[in-house]
Amino acid sequence: MGVGDWGDYGRGMLGEKAVCSIFRRASEVPLYRIGKQPKLARRQGAWSVVAASGYIGKRGRSLEAVLRVFTPKPRLVDA
């Protein structure tokens with residue numbers, strides 16, 4: 001999963017799940033959704049990265065662990 005095309009993001013709540021959606025452009029569907037669902041913390045890990053197709057790229061117990069699925073690492077770019 002690459003990070004070169006990220007352009008915008010949005011945050012929100014979906015029921016009991018906190019989600020950060022990552023977009024190429026604000027007018028499109030999200031490329032990825034990074035979510036935290038506390039209900040799954042003991043079984044699969046509370047954090048997940050899900051692609052636009054619904055593919056679960058990574059699940060884990062920490063945000064740092066699930067963000068490792070992205071290559072190269074995400075970094076802040078000055079506009």
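This is a short tour of one predicted model, stop by stop. Local features need pLDDT of at least 70 and side-chain atom pairs count only at pLDDT 80 or more, while totals for chains, interfaces and linings use all residues. Residues are numbered from 1 along each chain as its sequence is written, and side-chain values use heavy atoms, with hydrogens and water left out.

**Whole chain**

Start with a cartoon view. The protein has 1 helix and 5 strands, where helices (H or I, at least four residues) and strands (E, at least two) are DSSP runs numbered from the N terminus. From the N terminus on, the order is β-β-β-β-β-α. Switch to a surface: the accessible area is about 5,800 Å², computed by the Shrake-Rupley method with a 1.4 Å probe, and for residues only the protein chains shown count as cover. Carbon and sulfur atoms account for 52% of that surface. Of the 79 residues, 28% are buried; buried means under 20% relative accessible area, exposed over 50%, and partly exposed in between (1.4 Å probe, protein chains only).

**Tyr 32 and Phe 70**

Select these two rings next. They form an aromatic pair, and the structure holds 1 such pair. Its geometry is edge-to-face, with 5.1 Å centre to centre and 80° between the planes. Rings of Phe, Tyr and Trp (its six-membered ring) pair if their centres lie within 6.5 Å; planes under 30 degrees apart count as stacked, over 60 as edge-to-face and the rest as tilted. Tyr 32 lies in strand β3 (residues 32-36) and Phe 70 in the segment after α1 (63-67), 38 residues apart. Both Tyr 32 and Phe 70 are buried.

**Ser 48**

Move to strand β4 (residues 47-51), which contains Ser 48. Ser 48 is buried, at 4% relative accessible area. Leaving out residues up to four places away in sequence, Ser 48 touches Lys 17, Arg 33, Ile 34, Gly 35, Lys 58, Arg 59 and Val 66. Contact here means heavy atoms within 4.5 Å. Across the protein, 19% of the contacts with a separation of 6 or more are between residues 24 or more positions apart.

**Salt bridges**

Finish with the charged side chains. The whole structure has 2 salt bridges, each a side-chain nitrogen of Lys or Arg within 4 Å of a carboxyl oxygen of Asp or Glu.

- Select Arg 25 and Glu 28: their N to O distance is 2.8 Å. Arg 25 is partly exposed at 48%, and Glu 28 is partly exposed at 31%.
- Select Glu 64 and Arg 68: the closest N and O atoms are 3.8 Å apart. Glu 64 is exposed at 57%, and Arg 68 is exposed at 58%.
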